[in-house]
Amino acid sequence: MGRPLTIYPNYTVRKQKPVSNSFVIMTELVLPNDTNTLNNLMGGRMMHLMDIAAAISAQKHSNRIVVTASVDNVSFRDSIRLGNVVTLQAQVTRSFSSSMEVHIDVWAEDIPSGTKLKTNEAFFTFVAVDQAGRPIDVPEALPETDEEIKLYDGALRRRQLRLVLAGRMKPAEAQELKALFALD
Ligand SMILES: CC(C)(COP(=O)(O)OP(=O)(O)OC[C@H]1O[C@@H](n2cnc3c(N)ncnc32)[C@H](O)[C@@H]1OP(=O)(O)O)[C@@H](O)C(=O)NCCC(=O)NCCS
């Protein structure tokens, strides 16, 4: 099983890696230094934790140094309280040439009351770089489960949207988006 290998114009075959190899789970206890005056976890601290978990995931996929290229919309559905345990779960959804999209989910758990809530979700993009900071190709990402395939299939559309918003792609070149919005 698996998707066919992609043959590039220089006839090299890129290695494929199951996306599950990049799975990362990270837990953290919310302490007073992490909170605002309402005793809620600060948004910037949350994004720092998300960036770390997602970067480790991208490193596991690429076996390279990675840099954060972009962060898509991060929603803060519910506040995370002092003393909660934060669980971050990250996994690569798809890779392109040097870039990788990572999906991340965040839960807040109140152990004494036994409650666990999903509070945040986001997509991060990382670029693998060499020692000089130049982008370098990464293995192809191979989705296996239904959920992984769904995330993989949506990744091209999300990539085009973020590159258009970053001014790195002309809207007319964003074929997946054009199909979605029937812009013609
Ligand atoms: C990300 C970075 C390496 C891209 O370098 P660049 O010279 O613009 O390289 P390229 O134009 O060849 O793009 C390389 C890849 O980055 C992707 N990329 C660049 N900007 C992006 C953005 N805003 N969002 C998503 N992907 C982006 C490109 O799509 C390309 O992906 P691909 O190789 O899979 O097609 C460079 O901009 C950089 O180093 N930025 C600073 C990163 C940083 O300091 N992050 C915070 C600390 S880790």
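**The ligand shell and its strands**

Strand 3 (65-71), strand 6 (115-129) and helix 2 (146-165) each give at least two residues to the shell around the ligand. Helices (H or I, at least four residues) and strands (E, at least two) are DSSP runs, numbered from the N terminus. The model is predicted: local features need pLDDT of at least 70, side-chain atom pairs count only at pLDDT 80 or more, and totals for chains, interfaces and linings use all residues. Residues are numbered from 1 along each chain as its sequence is written, and side-chain values use heavy atoms, with hydrogens and water left out.

In total, 16 residues surround the ligand, each with a heavy atom within 4 Å of it. The closest are Thr68, Ser97, Ser98, Ser99 and Arg168. Strand 3 provides the largest share of the shell, 4 residues.

Now the polar contacts (pairs of N or O atoms within 3.5 Å). A ligand nitrogen lies 2.9 Å from a polar backbone atom of threonine 68. A ligand oxygen lies 2.8 Å from a polar backbone atom of serine 97. Arginine 159 uses its side chain: one of its N or O atoms is 3.0 Å from a ligand oxygen.

Next, the strand pairing (at least two DSSP bridges between two strands). Strand 3 and strand 6 run antiparallel, joined by 6 bridges. Valine 71 has phenylalanine 124 in strand 6 as its bridge partner. Strand 5 (residues 99-110) is also antiparallel to strand 6, with 12 bridges. Here aspartate 110 stands opposite threonine 115. The hairpin of strand 5 and strand 6 has 4 residues between the strands, and glycine 114 takes a positive phi near 70°.

Conventions
Polar contact = N/O pair within 3.5 Å; in protein donor to acceptor, adjacent residues only side chain to side chain.
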